[in-house]
Amino acid sequence: MNADIIVDLQYGDCGKGKVTHHLCKSGEYTHVIRYNGGCNAGHTIYHNGEKYVTHHIPAGVFYGIKSIIGPGCVVSPTQFFKELEELKEGGIETAGIIYIAKNTHVITDSHMEEDGKDSKIGTTKRGNGPAYRDKYARNGVRAEKVPELQEYIIDLYDELHGDKDVNVLFEGAQGFGLDIDWGDYPYVTSSHCTAGAAILNGIPPQAISKVWGVAKAYETYVGRKKFQPDDDIFNMLRQVGSEYGATTGRPRQCNWMNWDLVEKAININGVTDLVFNKMDILDKLGKWVIRKGNQTVQFSNEGYMKDWILTMLEARDINVHFSGDKERI
Ligand code: IMP
Ligand code: MG
């Protein structure tokens, strides 16, 4: 048994979908499992030149790899079926590929309605918080109890611990800065967004080989707290980087990369492979800046910024990749 994990090191929207899609191409993985979050996630994927946005369904589906919504997630049957239809309409084969673990909890219409009234956190209004609350209060409903989902239900224990060799890619949602424990509470999501969350989905810790940390060349955050400094450069950054929510369409607040956050996320997640996405956006902006402590470090071009990052990571055994928007890794 082997498992690799994909985690986001910032506030979500760093390109995990793209990394999952890229890794699936190797044909090495037998399963792709989403391990946290619900349809608050929005993973943008370019497959054969077409753009797809998934919320629940793991990106393994694009390569016909068994794609499972794990018990660390919460699932909305309404959104699940909508997404299934969208994939089918987009020409993606879904039959016999997409499953939901039987012990995954359900997001109900009343969860959605309740979350729709949130004005404190700036949630995605997808019922995520209320669904996790009911799960932990032991008032929730597991997917196995929902008649419409029967065709898609799977026992993850039997699936992963049977006779067959498995090689799992765990696809995370949201990001370190939104993690329920390590994020900036209460401006967080209701699930665990760290590598630790993946092993709650039925895999022993010893099976983990690689942890792919995904970061962006700058930071974005969506929600109610003030995040973006008062400087027009960040509005320009949002424009050039097309930083609007994949799920809600909301404008994302922008800032320069916070190295301290990235470093903390690398340490807590045990990152072995690291991707910095959207490097080309800073190039379009003509500014390269990283925050560290109370300082901002400015670079005169992308090369210097990359060198600085590589120097910071020198003492560690991490494979570092830099990538442009929509570019392959
Ligand atoms: P919730 O997860 O919908 O409850 O929202 C809690 C916070 O997490 C809000 O600030 C959301 O904007 C943020 N959030 C949730 N999911 C995502 C995501 O996939 N990308 C970026 N932000 C997210
Ligand atoms: Mg997203």
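A polar contact is a pair of N or O atoms within 3.5 Å. In this predicted model, a polar side-chain atom of Q174 meets that criterion, because it lies 3.1 Å from a nitrogen atom of ligand 1. Two further approaches involve oxygen atoms of ligand 1: an N or O atom in the side chain of R250 is 2.9 Å from one, and a backbone N or O atom of G122 lies 3.4 Å from one. On its own, ligand 1 has 470 Å² of accessible area, of which the protein covers 96%.

The surroundings of ligand 1 comprise 18 residues, the closest being N40, T124, T189, V222 and R250.

D13 belongs to the loop between β1 (2-8) and α1 (16-24), and G42 to the loop between β2 (31-34) and β3 (43-47), so the pair ties together parts that are 29 residues apart in sequence. D13 is partly exposed, with a relative accessible area of 25%, whereas G42 is buried, at 15%.

Attention now turns to G70, in the loop between β5 (66-69) and β6 (74-75). G70 is buried, with a relative accessible area of 0%. Leaving aside neighbours within four places in sequence, G70 is in contact with I33, R34, A101, T104, L156 and N201. G127, 57 residues from G70 along the chain, has its C-alpha atom 17 Å from that of G70.

Terms used. Residues are numbered from 1 along each chain as its sequence is written. Chains are lettered from A and ligands numbered from 1 in the order in which they are written. This is a predicted model: local features need pLDDT of at least 70, side-chain atom pairs count only at pLDDT 80 or more; totals for chains, interfaces and linings use all residues. Side-chain values use heavy atoms; hydrogens and water are left out. Helices (H or I, at least four residues) and strands (E, at least two) are DSSP runs, numbered from the N terminus. Buried means under 20% relative accessible area, exposed over 50%, partly exposed in between (1.4 Å probe, protein chains only). Contact means heavy atoms within 4.5 Å. A residue is near a molecule or strand if one of its heavy atoms lies within 4 Å of it. A polar contact is a pair of N or O atoms within 3.5 Å; within protein, one must be able to donate a hydrogen and the other to accept it, and residues adjacent in sequence count only if both atoms are side-chain atoms. Accessible areas come from the Shrake-Rupley method with a 1.4 Å probe; for residues, only the protein chains shown count as cover.
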